[in-house]
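Student: I have a model open on my screen and would like to walk through it with you. Could we take it one question at a time?

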Amino acid sequence: MPHRFGHVALIGPTNAGKSTFVNRVVGQKVSIVSPKPQTTRNRITGILTTDEAQIVFLDTPGLHRQTRGISPLLLRSAWNALPMADVVLLFFDAKALVQKPHLIETETRTLVKALSENPVPILAALNKVDQVRPKELLLPVIQALAAQFPQAEVFPVSALTGQGVDELVAAVTRRLPEGPAMYAEDEITTAPMRFLVAEAVREKLFLALGQELPYGLAVEIESWDELTSPGLPRISAVIYVAKQNHKGIVIGKGGEVLKKVGSEARAEIEELLGGRAHLELWVKVKPDWPGDKGFVREMGLGE
Ligand SMILES: Nc1nc2c(ncn2[C@@H]2O[C@H](COP(=O)(O)OP(=O)(O)OP(=O)(O)O)[C@@H](O)[C@H]2O)c(=O)[nH]1
Ligand SMILES: [Mg+2]
């Protein structure tokens with residue numbers, strides 16, 4: 001059996017479970033997950049190394065219909081993954097499509113067009129099947145997806161429980177080009193630790209803030225001091241908000257939201273670093289930063 005290597009772009013509507021899938025496949029959290037739309041903002045790699053192949057999954061921001069703020073940047077980042085891909089893996093939310101079958105057409109329209117000019121193999125994952133009962137309800141959705149993408153095989157999966165994931169990974173592997181591994185066996189992502197730490201803070205913010213989640217949240221690691229107390233890195237992160245009144249939302253009554261976010265993020269950061277860490281969070285207003293090209297570039301958005 002020849003060794004295979006390639007990039008697999010995960011593309012699909014926001015909230016379909018793309019990041020959950022990548023984390024499950026690589027066996028560790030490389031990409032943040034939340035029930036809110038537009039959680040992923042950058043293209044993030046998750047690298048799976050097996051005996052037969054090395055697969056670089058490209059997690060991307062979900063497709064959506066919003067047009068304001070950072071939304072166009074997220075879409076650009078998703079579409080930019082396509083030319084890098086040896087295989088395209090489309091991702092859909094089974095529960096959403098069973099409940100609202102008309103979404104199949106609206107959510108696939110731009111994809112059908114973009115992929116019609118793309119010669120690479122396409123697979124489709126119908127995710128969250130654990131939430132669909134009885135299973136027969138999946139059949140019309142699978143048929144409708146197959147009609148939209150005649151070139152793609154459809155795989156019912158659950159990124160949450162792992163159901164069907166091995167079969168899908170095997171199918172992806174078979175479609176990859178031959179080639180040697182490009183990364184070390186134990187490398188699970190190309191994302192730098194600073195980015196993963198900033199993302200851990202952003203995830204906890206997304207989880208802590210209910211319906212009032214401000215769209216313009218961004219997190220930047222301002223300083224990372226390893227010298228002052230050896231063995232206890234002192235990390236200082238800034239949470240940017242785009243509007244003055246969002247600052248209070250992020251801090252919460254008596255600072256309770258920020259405190260919760262800080263302690264949850266620190267626990268995750270300590271897991272990432274494999275040791276203790278000190279985390280300090282600051283909230284700053286950067287008025288309407290999504291319009292600030294320099295800042296947007298600094299955050300790696302839209303690439
Ligand atoms: N029940 C169930 N929930 C899932 C499954 N996969 C993902 N989820 C949940 O769906 C929500 C969205 O998951 P994400 O992985 O963040 O989705 P995404 O496609 O990366 O979303 P964006 O980054 O916004 O494009 C989270 O609450 C996940 O826990 C699944 O197989 N079953
Ligand atoms: Mg995501």
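This is a predicted model: local features need pLDDT of at least 70, side-chain atom pairs count only at pLDDT 80 or more; totals for chains, interfaces and linings use all residues.

Student: Is Gln 38 buried or exposed?

Tutor: Gln 38 lies in the loop between α1 and β2 (44-49), and its phi is positive, near 55°, though the residue is not a glycine. Its relative accessibility is 13%. Since the cut-off for burial is under 20%, Gln 38 is therefore buried.

Student: Which class does Asn 15 fall into, buried, exposed or partly exposed?

Tutor: Asn 15 is in the loop between β1 (4-11) and α1, and has a positive phi of about 75° without being a glycine. Its relative accessible area is 32%. That value lies between the two cut-offs, so Asn 15 is partly exposed.

Student: How much of the area of ligand 1 does the protein bury?

Tutor: Ligand 1 sits in the second largest pocket. One of its oxygen atoms is 2.9 Å from a polar backbone atom of Asn 15, and an oxygen atom of the ligand is 3.0 Å from a polar backbone atom of Ala 159. Taken alone, ligand 1 exposes 660 Å², and the share of this that the protein buries is 91%.

Student: Which helix gives the largest share of the shell around ligand 1?

Tutor: By class, the shell has six nonpolar, 13 polar and three charged residues. The largest share, three residues, comes from helix α1.

Definitions and conventions
Residues are numbered from 1 along each chain as its sequence is written. Chains are lettered from A and ligands numbered from 1 in the order in which they are written. Side-chain values use heavy atoms; hydrogens and water are left out. A polar contact is a pair of N or O atoms within 3.5 Å; within protein, one must be able to donate a hydrogen and the other to accept it, and residues adjacent in sequence count only if both atoms are side-chain atoms. Accessible areas come from the Shrake-Rupley method with a 1.4 Å probe; for residues, only the protein chains shown count as cover. On a 1 Å grid over the protein atoms alone, a cavity is a set of points where a 1.4 Å probe fits but cannot get out, and a pocket is an open set with protein on both sides within 12 Å along at least five of seven lines; lining residues have an atom within 4 Å of a point. A molecule sits in a cavity or pocket if more than half of its atoms lie within 2 Å of its grid points. Helices (H or I, at least four residues) and strands (E, at least two) are DSSP runs, numbered from the N terminus. Ala, Val, Leu, Ile, Met, Phe, Trp, Tyr, Cys and Pro count as nonpolar, Asp, Glu, Lys and Arg as charged, and the others, Gly among them, as polar. Buried means under 20% relative accessible area, exposed over 50%, partly exposed in between (1.4 Å probe, protein chains only).
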